[in-house]
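Here's a quick tour for anyone opening this structure for the first time. Have a look at the model, then follow the notes below.

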Amino acid sequence: MTLAWSHDFLGFKMAALMDQVLLEGEFMLFPKKKGIYKLTLTRRGLYYSPVSNSNTVYEEKCILISDIVGCRCLEKGGNVTLQGAILPSSISSPSLPTSNSTDSNPKTKDAKVYLQKEPELLTFPSNYFLRAPDSDTYGFVVYAYPFKKKLFSSKTSRSRLVVAFEMAHSSVDLLEEKKKETLKWQKAISLLARDPHIAKEDTSSSVQTPQGKLLVLINPHSGPGKAYTIFKSEIVPMLYEANIPYTAVITDHAGHASELMKEICLSDWYGVVIVSGDGLIFETINGIMQRDDWASSINVPIGCLPGGSGNALCCSINYAAGEPLDPMVLHSTFILAKHHVVPMDLVIVQIPNRSIFSFLSVTWGIMADIDYESERYRNLGEARFTLGAIKRIVSLRTYRGRISFLPVAEYTPNEMMKPKKVLTKVRRFSLRSRSNSKNTLDNGDSESSPRLTTKRSFNTEISENGLADGNQPCGEVGLVGTRKTEDGSGDMTPNAQRVDSDNMIILSETQELRVEKETYSGKKSDFSPVPTPLLPPLNQDVPDNWVQLEGGFVLIAAVYQTHLGSDMLAAPEAHLCDGHINLMMVREGISRNALLNLFLSFGQGGHVHSPYVESVKVLAFRLEPETKTGNIMIDGERFEPCSLQAQILPGLARVMAIK
Ligand SMILES: Nc1ncnc2c1ncn2[C@@H]1O[C@H](COP(=O)(O)OP(=O)(O)OP(=O)(O)O)[C@@H](O)[C@H]1O
């Protein structure tokens with residue numbers, strides 16, 4: 001009862017806070033200038049209605065703060081000229097200045113030289129952003145994107161709304177006062193648009209958000225090759241509206257983003273925004289992770305705007321924010337304009353002689369083949385996957401191999417998809433805690449103790465070669481099976497996961513894999529590899545408490561984002577930072593018809609209920625393909641079929657998203 005009351009009370013307080021009047025004033029609508037309007041600004045919205053001398057009651061209009069991307073003072077002038085991108089020499093105009101850098105390191109030189117070039121200039125008509133006829137007109141322009149019902153559809157999507165207000169003559173007469181008053185409104189609306197909970201006194205401060213510039217990287221060849229056109233026509237205007245400064249660079253060649261990430265001073269930038277498909281995001285993350293200072297550099301917020309054919313991360317970010325996927329560019333740019341910096345899981349994938357940092361998926365079997373083989377139809381955009389799927393289903397293959405994994409909760413094999421001829425070896429987990437392990441923090445009798453956990457940071461178990469001694473931690477980290485409550489009396493609900501305020505993923509009361517931010521950060525002058533305590537060396541057996549399945553498969557997919565494409569809701573339960581990998585397996589024996597239906601149900605995530613799909617949440621896995629034909633795709637990048645293993649790195653990266 002008390003709880004309900006306090007909850008209601010909090011809700012009431014929050015509602016009162018949202019309705020608290022922050023500013024009030026009188027303005028005219030620009031450019032109509034008819035009549036005076038009373039304006040009221042609260043954290044919920046900007047309300048305006050005509051001031052009437054008669055008894056006529058006018059409807060009050062409201063622009064919701066949650067729909068506003070920015071607010072600018074009415075500026076004098078005609079057309080608006082904004083910065084486009086720095087073009088690579090291969091497609092640049094002759095006006096690009098050449099470098100006079102004296103840096104002797106060719107790599108550093110390239111990166112610096114590139115950022116010294118002048119961007120292309122873009123011109124927008126004056127009526128697009130609303131401009132004042134003279135410098136004595138004071139007012140502000142609000143740029144918002146409220147939801148509107150789509151024509152001939154039950155769906156809604158955001159659409160642009162520009163409303164400008166000019167200071168009413170009567171309200172403030174002195175020019176300087178008018179200027180000050182206008183600035184006050186412009187600042188307050190801009191700040192509220194970024195954070196509606198900002199303190200009232202801060203709405204008049206000079207705080208600028210986001211602080212610093214964005215580095216925007218555009219791949220001119222991604223998807224149907226329209227990334228730069230999209231940037232110029234749709235993204236640049238909204239960045240201007242939201243007052244977000246940026247420098248945009250068009251990539252010159254494959255690997256260019258990675259080179260830039262390795263060489264530039266990342267602290268010069270507020271964040272890095274990718275206008276491309278997932279390939280350039282992959283390059284960016286892996287470029288950062290090759291730096292000596294990866295531990296601090298990976299904190300740079302990464303934004304993504306769709307320019308490719310799949311745009312899986314963009315889809316996942318939109319989905320997590322509750323924003324529509326269509327039209328993608330509009331909604332993704334809206335998120336970027338209003339973003340918060342949110343932690344995102346990465347997965348380290350070890351293949352022989354190399355570690356790769358993945359943010360999306362590892363696929364093998366038919367999904368990987370469709371992804372790779374449909375590359376040649378990239379001009380079709382997203383439709384390339386449908387065409388590729390039909391082709392692959394017609395000539396269906398089985399892929400033989402072994403998958404081993406460390407599940408989050410107890411694994412129950414899918415009986416229906418276990419054909420008799422397939423050997424399925426299931427290793428059960430041991431609840432035995434390795435009390436002799438040097439990593440065990442608990443002492444005493446672990447077997448009977450309800451505390452079976454080890455709290456330790458990632459960098460405590462690295463062996464000399466940078467890989468963990470897999471036998472040590474796996475007995476304690478990610479224990480599965482019957483788990484005991486604090487008093488040792490009964491089962492705990494599996495997957496009792498939460499993210500605490502320090503961005504530590506806590507798997508459950510008795511099963512903890514803590515990734516403490518300080519473990520990654522700290523000033524490191526020399527390169528130290530990312531610790532992987534859950535993974536044994538690739539050439540050694542997996543620990544006893546992993547599950548192993550072997551035989552024929554049609555697909556194996558490890559997915560850590562919701563989407564693998566706009567019509568592929570691959571892991572509906574996934575979240576940007578939930579600390580686990582969704583492992584999906586379809587074993588051999590599925591008919592073409594059933595497989596086709598499975599692919600058709602991917603769009604809405606219906607495949608997870610299919611009896612042919614085994615879904616397991618895991619912390620780590622190892623894939624050992626026996627079939628050497630086909631492809632392994634990591635975040636859409638192709639690799640030869642080879643043994644690989646992977647482990648989740650909870651919340652290691654930062655993305656610009658909305659929780
Ligand atoms: N200027 C360039 N010329 C040629 N290739 C480039 C250039 N810039 C980037 N690339 C490469 O293009 C590849 C494909 O890019 P990306 O994945 O972004 O687009 P996509 O494949 O169309 O999209 P998606 O991954 O969403 O299907 C990347 O691997 C990247 O390294």
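Let's start with the rings: the structure holds 17 aromatic pairs. Keep in mind that this is a predicted model.

**Aromatic rings**

- One of the 17 pairs is made by Phe129 and Tyr240, whose ring centres sit 4.5 Å apart.
- The planes of these two rings, Phe129 and Tyr240, meet at 55 degrees, so the pair counts as tilted; going over 60 would have made it edge-to-face.
- Phe129 belongs to helix α3 (residues 126-129) and Tyr240 to helix α5 (residues 227-241), so this pair ties together parts that are 111 residues apart in sequence.

**Around the ligand**

**Backbone contacts with the ligand**

- At Gly310, a backbone N or O atom lies 2.8 Å from an oxygen atom of the ligand.
- At Leu280, a polar backbone atom is 3.4 Å from an oxygen atom of the ligand.
- How much of the ligand does the protein cover? On its own the ligand has 630 Å² of accessible area, and the protein covers 84% of that.

**Cis peptide bonds**

- Going from Phe30 to Pro31, the peptide bond is cis, with omega near 0 degrees.
- You'll find Pro31 in the loop between β1 (23-30) and β2 (37-41).
- The bond from Asp326 to Pro327 is cis too, and its omega is near -5 degrees.
- Pro327 has its place in the loop that runs between α9 (312-321) and α10 (328-337).

**A positive phi**

- Leu130 has a phi near 70 degrees, which is a positive value in a residue other than glycine.
- Where does Leu130 sit? Look in the loop between α3 and β9 (139-144).

Key. Residues numbered from 1 in each chain as written. Predicted model: local features only at pLDDT ≥ 70, side-chain atom pairs only at ≥ 80, totals over all residues. Heavy atoms only, no water. Polar contact = N/O pair within 3.5 Å; in protein donor to acceptor, adjacent residues only side chain to side chain. Areas by Shrake-Rupley, 256 points an atom, 1.4 Å probe, with all protein chains shown as cover. Phe/Tyr/Trp six-rings, centres within 6.5 Å; stacked < 30°, edge-to-face > 60°. Helix = DSSP H or I, 4+ residues; strand = E, 2+ residues; numbered from the N terminus.
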